[in-house]
Amino acid sequence: MDKLLIRGGRKLSGEVPISGAKNAALPELCAALLTEEAVTLTNVPRLRDVATMRQLLNNMGVRTDTLGERGGIRLQAPDGLNPEAPYDLVKTMRASVLVLGPLLARFGRARVSLPGGCAIGSRPVDQHIKGMQAMGAEIVVEHGYMVARLPQGRSRLHGARIATDMVTVTGTENFLMAAALAEGETLLENAAQEPEVTDLAEMLIRMGAKIEGHGTSRIHVQGVDRLRGCDHQVVADRIEAGTFLCAVAATGGDVLLRCGRADHLDAVIDKLTEAGAEIEAGANAAGPFIRIRASGRMKAQSFRTTEYPGFPTDMQAQFMTVNCIAEGTSKVTETIFENRFMHVNELVRLGARIQTEGKVAMVEGVPRLSGATVMATDLRASASLVIAGLVAEGETTVDRIYHLDRGYDQMEVKLRAIGADIERVK
């Protein structure tokens with residue numbers, strides 16, 4: 001099992017490229033199921049979750065070909081494929097539930113295992129089931145699978161008004177894909193507004209879908225008879241960008257994030273600016289960029305996670321690490337997932353002072369952390385421990401980094417290129 005060995009205390013400087021977003025690439029790979037024509041995605045990140053999704057699609061009969069070195073994948077989903085997502089593949093990645101909507105919409109049936117994924121809390125699929133039932137699907141859960149089909153005599157899902165009990169990103173994405181081929185109009189209320197949802201909608205529009213209101217909480221979809229193939233570039237990963245911003249804020253330095261989208265990170269950038277970092281954003285011939293300069297200790301910042309455009313839960317652990325070595329005391333409130341403080345005990349092993357009670361963590365900043373062996377518990381916890389290792393005195397070993405590989409494209413290679421002393425140990 002791979003580990004990361006980090007020797008802390010170095011400032012970061014230079015340029016780092018931001019990869020395509022995992023949370024956009026996964027639903028967009030599934031969107032290829034909606035047409036028999038070829039779909040080409042570029043800027044797809046090289047991640048374990050992407051490899052798992054490709055394996056799942058291949059298992060169904062979808063052809064996926066790697067194109068060149070720039071994250072290109074060409075997909076083609078023929079008629080007559082096997083509309084089943086088995087447990088052996090779904091158990092490692094809960095985004096596998098995203099095949100449910102496209103399979104039902106195009107093939108009229110699906111058998112999808114109840115998903116697994118990392119242990120940051122309950123993320124039930126009941127909203128997905130209720131939404132598909134509202135569009136006319138018959139769904140039962142048996143032997144650990146969601147078994148869905150159209151009623152006898154129907155060849156398509158029908159439009160519906162879907163108002164979810166809570167904001168759900170994967171639910172919104174599933175409904176978008178299903179509604180694109182449904183008969184009539186679908187209205188999504190309480191829809192997720194994340195940039196990854198908007199990027200999926202833009203891809204579907206390129207395929208011929210009729211969608212309005214994406215990026216807001218009310219999305220209108222007018223179903224069409226068929227969708228066509230398209231070329232689409234995956235949007236830059238705002239969470240990877242935010243992670244590198246936090247790394248520089250913690251260590252100090254001057255780093256340019258190529259392809260970073262500041263307009264997708266307003267809440268995080270506001271907090272980093274208040275903490276004392278200098279951040280500028282713009283665009284050049286190579287595309288958008290974010291530049292961060294940081295020196296000295298940051299000022300501790302309290303924050304509360306919430307749905308986009310609020311402070312993202314996927315940045316909570318990384319920003320908590322910045323607070324661990326900042327001046328002052330901060331209050332971190334997690335409102336999205338109930339088990340998302342599992343990194344706290346590992347940060348305490350490095351010398352952090354954190355107390356938790358329920359959904360609240362109180363962080364008292366300390367002048368320095370000290371290196372130790374720590375264990376990653378989930379994807380974003382992994383990133384927080386890497387940041388902590390970058391600032392800790394001495395050596396830090398981060399174990400179980402297969403979590404990190406699920407969502408970061410060669411993180412240690414990118415960090416080493418901007419001055420970090422970090423290596424992967426087999």
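## Close-up views of a predicted model

**View 1. Contact between helices H1 and H7.** Asn-23, Ala-24, Pro-27, Glu-28 and Ala-31 of H1 meet Glu-196, Asp-199, Leu-200, Met-203 and Leu-204 of H7. Sorted by type, the residues of this contact comprise 6 nonpolar, 1 polar and 3 charged. The model shown here and in the other views is predicted. Two packed helices are described by the angle between their axes and the distance between those axes. Here H1 covers residues 22-31 and H7 covers residues 195-206; the two pack at an angle of about 30 degrees, and their axes are 9 Å apart. Because angles under 35 degrees count as roughly parallel, H1 is roughly parallel to H7. The crossing of H1 past H7 is right-handed.

View 2. How many of the residues of H10 are buried? The count is 9 of the 9, so H10 is largely enclosed by the rest of the structure. The buried residues are Gln-316, Ala-317, Gln-318, Phe-319, Met-320, Thr-321, Val-322, Asn-323 and Cys-324.

View 3. The peptide bond that runs from Tyr-308 to Pro-309 is cis, and its omega is near 15 degrees. Most peptide bonds are trans. Pro-309 sits in the loop that links strand E18 (303-304) and helix H10 (316-324).

View 4. A disulfide is a covalent bond between the sulfur atoms of two cysteines. In this model the number of disulfides comes to 0, with a cut-off of 2.5 Å between the sulfur atoms. Cys-246 takes part in no disulfide; the nearest cysteine sulfur belongs to Cys-324 and is 11 Å away. Cys-246 has a relative accessibility of 0% and counts as buried. Cys-259 is likewise in no disulfide, and the nearest cysteine sulfur, which is that of Cys-246, is 19 Å away. Cys-259 is partly exposed, with 31% relative accessible area.

**View 5. Positive phi at His-143.** Most residues other than glycine have a negative phi. His-143 is not a glycine, yet its phi is positive, at about 55 degrees. This residue, His-143, is found in the loop between strand E8 (138-142) and strand E9 (145-149). Is His-143 buried or exposed? His-143 is exposed, with a relative accessible area of 74%.

**View 6. Positive phi at Asn-190.** Asn-190, which is not a glycine either, has a positive phi of about 60 degrees. The loop that holds Asn-190 lies between strand E11 (185-189) and H7, the helix that packs with H1 in View 1. With a relative accessibility of 30%, Asn-190 counts as partly exposed.

**View 7. Arg-48 and its contacts.** Arg-48 belongs to helix H2, which spans residues 48-60. Which residues is Arg-48 in contact with, leaving aside neighbours within four places in sequence? They are Tyr-402, Asp-405 and Arg-406. Between Arg-48 and Ile-422 there are 374 residues of separation in sequence, and the C-alpha to C-alpha distance in space is 20 Å. Arg-48 counts as partly exposed, at 40% relative accessibility.

Key: Residues are numbered from 1 along each chain as its sequence is written. This is a predicted model: local features need pLDDT of at least 70, side-chain atom pairs count only at pLDDT 80 or more; totals for chains, interfaces and linings use all residues. Side-chain values use heavy atoms; hydrogens and water are left out. Axes are lines fitted to C-alpha atoms, for helices over the stretch in contact, and angles run from 0 to 180 degrees between N-to-C directions. Helices (H or I, at least four residues) and strands (E, at least two) are DSSP runs, numbered from the N terminus. Angles under 35 degrees count as roughly parallel, over 145 as roughly antiparallel, 65 to 115 as roughly perpendicular and the rest as oblique. A crossing is left-handed if the near helix is turned anticlockwise from the far one by less than a right angle, and right-handed if clockwise. Contact means heavy atoms within 4.5 Å. Ala, Val, Leu, Ile, Met, Phe, Trp, Tyr, Cys and Pro count as nonpolar, Asp, Glu, Lys and Arg as charged, and the others, Gly among them, as polar. Buried means under 20% relative accessible area, exposed over 50%, partly exposed in between (1.4 Å probe, protein chains only).
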